[in-house]
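Open the model in your viewer and keep the selection tool ready. We will go stop by stop.

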Amino acid sequence: GPAAAARQAAESPSAEGWRARRAAVVVVDGATRVGTPLAAVLAASGVGRVSVRDSGLVAAGDAVVGGATAADEGRPRSVAAADAVRRASPLTDLRPVTGGAVPDLVVLARPWAASDPTVAGWSRAGVPHLVATVRGATGVVGPLVVPGVTSCLRCADLHRRDADPRWPRLAAQLTAGEPPPSGATVTCLLTAVTAAVQVLAYLDGNAAPVTLDATLELSPPDLLPRVRHWSSHPECGCAQREQRAAGDNGP
């Protein structure tokens with residue numbers, strides 16, 4: 001109807017680009033103060049199916065503009081996130097991705113997503129995935145991992161280990177339990193919007209996202225993005241897979 005036509009005109013200059021977004025499937029893993037607003041922004045931007053995964057309950061600290069509200073405290077996070085997406089875009093498909101279906105992209109919105117064991121599963125399945133989270137007071141977007149094409153999250157961890165041998169022990173401590181909500185509201189929302197830009201750039205295919213082989217870090221007080229590049233690490237298996245793929249595609 002008229003509302004949908006107006007939304008299309010505002011969000012996408014071409015009907016073809018709008019149809020591509022409407023056909024896209026994005027999973028947001030983590031109904032956090034970044035993940036839920038991000039899911040709402042993607043839905044409002046035309047992504048047709050946005051599924052938010054989270055098995056926890058909403059705590060008082062989870063409330064954020066565009067995400068969970070104070071009234072959601074005690075409710076399942078996934079349900080509160082679905083309501084937030086529905087408020088932004090009532091026609092968005094909220095169904096979980098099941099039955100062997102593969103999403104176009106997964107956004108890892110948990111605080112220490114790089115060390116999440118589910119990441120290896122997405123890599124093995126060949127599903128592109130993007131980190132979007134706040135660690136301490138800093139927003140982190142990226143890397144955007146395209147399995148077999150770019151460096152992976154383990155590559156970044158190995159580079160951190162090379163720079164600081166204590167990193168593996170520190171990472172284990174940080175991921176031992178569920179961290180409290182972190183980051184100021186402005187940091188969380190800017191991280192969510194920055195991640196949405198990267199997701200849409202990937203789905204639209206008009207330009208290479210900045211976060212391929214890189215992360216954007218948003219640190220207070222100015223929150224201006226700092227780019228850090230992550231090449232494939234020679235000890236990581238993904239580098240070997242890329243080399244094999246390049247050899248298969250050679251002359």
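Leaving aside its neighbours within four places in sequence, which residues is Ser 89 in contact with? Select Arg 7, Ala 43 and Ala 44: these are the contacts of Ser 89. Contact means heavy atoms within 4.5 Å.

Some ground rules. This is a predicted model, where local features need pLDDT of at least 70 and side-chain atom pairs count only at pLDDT 80 or more, while totals for chains, interfaces and linings use all residues. Residues are numbered from 1 along each chain as its sequence is written, and side-chain values use heavy atoms, with hydrogens and water left out.

**Stop 1: Ser 89**

Stay on Ser 89. It sits in the loop between α4 and β3. Helices (H or I, at least four residues) and strands (E, at least two) are DSSP runs, numbered from the N terminus. Ser 89 has 8% relative accessibility, so it counts as buried. Buried means under 20% relative accessible area, exposed over 50%, and partly exposed in between (1.4 Å probe, protein chains only).

**Stop 2: α1 and α2**

Select residues 2–11, helix α1, and residues 15–23, helix α2. Their axes come within 10 Å and cross at roughly 105°. Axes are lines fitted to C-alpha atoms, for helices over the stretch in contact, and angles run from 0 to 180 degrees between N-to-C directions. The two helices, α1 and α2, are therefore roughly perpendicular. That label covers 65 to 115 degrees; under 35 is roughly parallel, over 145 roughly antiparallel, and the rest oblique. Now show the contact: Arg 7, Gln 8 and Glu 11 from α1, with Ala 15, Trp 18 and Arg 21 from α2.

**Stop 3: the largest core**

Next, select Val 26, Val 28, Leu 38, Leu 42, Val 47 and Val 199. They have the most contacts inside the largest nonpolar core, which has 30 residues. Such a core is a set of buried Ala, Val, Leu, Ile, Met, Phe, Trp, Tyr and Cys residues joined through side-chain atoms within 4.5 Å. Helix α8 gives the largest share, 7 residues. Zoom in on Val 28. Not counting residues up to four places away in sequence, its contacts include Ala 39, Val 50 and Val 107.

**Stop 4: Trp 230**

Finally, select Trp 230, in the loop between β7 (225–229) and α9 (237–248). Is Trp 230 buried or exposed? Its relative accessible area is 6%, so Trp 230 is buried.
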